[in-house]
Amino acid sequence: MANRQTILVVEDEKTIGNYIETILLSNEYKVLRAMNGTTGLSLCTSHHPEVILLDLGLPDIDGMEVLQRIRGFSNLPIIVISARTQEREKVEALDSGADDYITKPFGAEELLARIRTALRHRLHVGQGQMQPVYSRDGLVIDFERRLVTLQGNAIHLTQIEYKLVSLLAQNAGKVLTYDFILKDIWGPYADTDNQILRVNMANIRRKLEVNPAEPHYIFTEIGVGYRMLE
């Protein structure tokens with residue numbers, strides 16, 4: 001079955017844009033191309049794509065400004081694609097409303113996986129639904145019953161640990177920044193020192209992971225935040 005979803009690619013480097021377009025077309029997505037931010041904003045408002053792939057280094061408007069302008073009128077999934085590798089820039093993009101961040105160079109399978117995740121999130125948001133259960137590789141989180149089981153065995157989590165796991169599971173596949181998690185769990189006036197978050201996450205991993213040093217369920221995006229297995 002054809003995907004039929006439209007992907008807007010805002011990328012000024014023609015070679016990379018062609019590479020992305022080839023991947024998308026071969027997987028039966030429709031593709032819109034923009035070589036600068038102005039055209040990207042225009043296509044976004046006129047065509048309403050399902051996902052936007054946005055480069056940060058655009059010739060006319062900085063990609064961060066394009067991101068913020070789109071967020072002013074739309075919740076469309078935005079995946080930032082950039083050669084910028086500084087953690088500060090990744091955090092800024094995610095905190096400004098990007099749904100995901102992929103660094104050049106990247107492979108076709110990784111790009112397609114990120115797009116599929118973004119589309120699933122859009123579907124859930126559009127339907128106003130939160131999945132009642134998270135289930136992946138033997139880990140089951142029943143949000144209604146507030147019950148966590150691993151391979152059929154109940155896992156005891158503290159109240160804070162459960163809140164953390166639930167927040168990540170409800171956003172599975174999406175990177176949540178340290179600042180976002182701290183404010184969501186501990187409130188808007190939480191200390192920005194993420195030591196308390198790291199301690200709780202270490203305790204969670206001891207309870208959920210076979211080898212906490214090589215996590216299978218909750219991944220660390222170094223210097224940025226955490227991501228739950230999709």
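Let's start at a turn. Strands β6 and β7 form a hairpin, with two residues between them. In that turn, D137 has a positive phi of about 50 degrees. For the terms: helices (H or I, at least four residues) and strands (E, at least two) are DSSP runs, numbered from the N terminus. Strands pair if DSSP finds at least two bridges between them.

Two words on the source. This is a predicted model, where local features need pLDDT of at least 70 and side-chain atom pairs count only at pLDDT 80 or more, while totals for chains, interfaces and linings use all residues. Residues are numbered from 1 along each chain as its sequence is written, and side-chain values use heavy atoms, with hydrogens and water left out.

β6 covers residues 133–136 and β7 covers residues 139–142. They run antiparallel, joined by four bridges. Y134 has I141 of β7 as its bridge partner. D137 sits in the loop between β6 and β7. Is D137 buried, partly exposed or exposed? Its relative accessible area is 42%, so D137 is partly exposed. The cut-offs: buried is under 20% relative accessible area, exposed is over 50%, and partly exposed is in between (1.4 Å probe, protein chains only). D137 is not a glycine, and its phi is positive.

Now the sheet around that hairpin. It is open, has four strands, and reads β6-β7-β8-β9, with antiparallel pairing. Which strands are at the edges? They are β6 and β9 (153–154), each pairing on one side only. Helix α6, residues 159–170, lies across β6, β7 and β8 (147–150). α6 runs at about 100 degrees to β7. On the method: axes are lines fitted to C-alpha atoms, for helices over the stretch in contact, and angles run from 0 to 180 degrees between N-to-C directions. Contact means heavy atoms within 4.5 Å.

Stay with β8. L150 lies in this strand. At a relative accessible area of 15%, L150 is buried. What does L150 touch, leaving aside its neighbours within four places in sequence? The contacts are G138, L139, I155, K207, L208 and Y217. Take L208: 58 residues away from L150 in sequence, yet 7.2 Å away in space, C-alpha to C-alpha.

Q151 lies in the loop between β8 and β9. Phi of Q151 is near 50 degrees, a positive value in a residue other than glycine. Q151 is exposed, with a relative accessible area of 57%.

On to the other sheet. This one is open too, with five strands in the order β2-β1-β3-β4-β5 and parallel pairing. β2 (30–34) and β5 (100–103) stand at the edges, each with a single partner strand, so one side of each has no neighbour in the sheet. From one strand to the next, the twist averages 20 degrees.

Inside that sheet, β3 (residues 51–55) runs parallel to β4, and four bridges join them. L54 stands opposite V80 in β4. Two helices to point out. Helix α1, residues 14–26, lies across β1 (6–10), β2, β3 and β4, and runs at about 170 degrees to β2. Helix α4, residues 87–95, packs on the sheet and touches β4 and β5. The direction of α4 makes about 150 degrees with that of β5.

Two loops to flag. S74 lies between α3 (63–71) and β4 (78–82). S74 counts as buried, because its relative accessibility is 14%. Where does its side chain reach? The side chain of S74 goes to the backbone nitrogen of L76, at 3.0 Å. A cis peptide bond joins K104 and P105, with omega at about -5 degrees.

Last, a helix pair. Two packed helices are described by the angle between their axes and the distance between the axes. α7 (residues 178–186) and α8 (residues 195–208) pack at about 85 degrees, with axes 10 Å apart. That makes α7 roughly perpendicular to α8. The classes are these: under 35 degrees is roughly parallel, over 145 roughly antiparallel, 65 to 115 roughly perpendicular, and the rest oblique. α7 brings Y178, I181, L182 and W186 to the contact, and α8 brings I196, L197 and N200. Those residues divide into six nonpolar, one polar and no charged. Here Ala, Val, Leu, Ile, Met, Phe, Trp, Tyr, Cys and Pro count as nonpolar, Asp, Glu, Lys and Arg as charged, and the others, Gly among them, as polar.

Key. A polar contact is a pair of N or O atoms within 3.5 Å; within protein, one must be able to donate a hydrogen and the other to accept it, and residues adjacent in sequence count only if both atoms are side-chain atoms.
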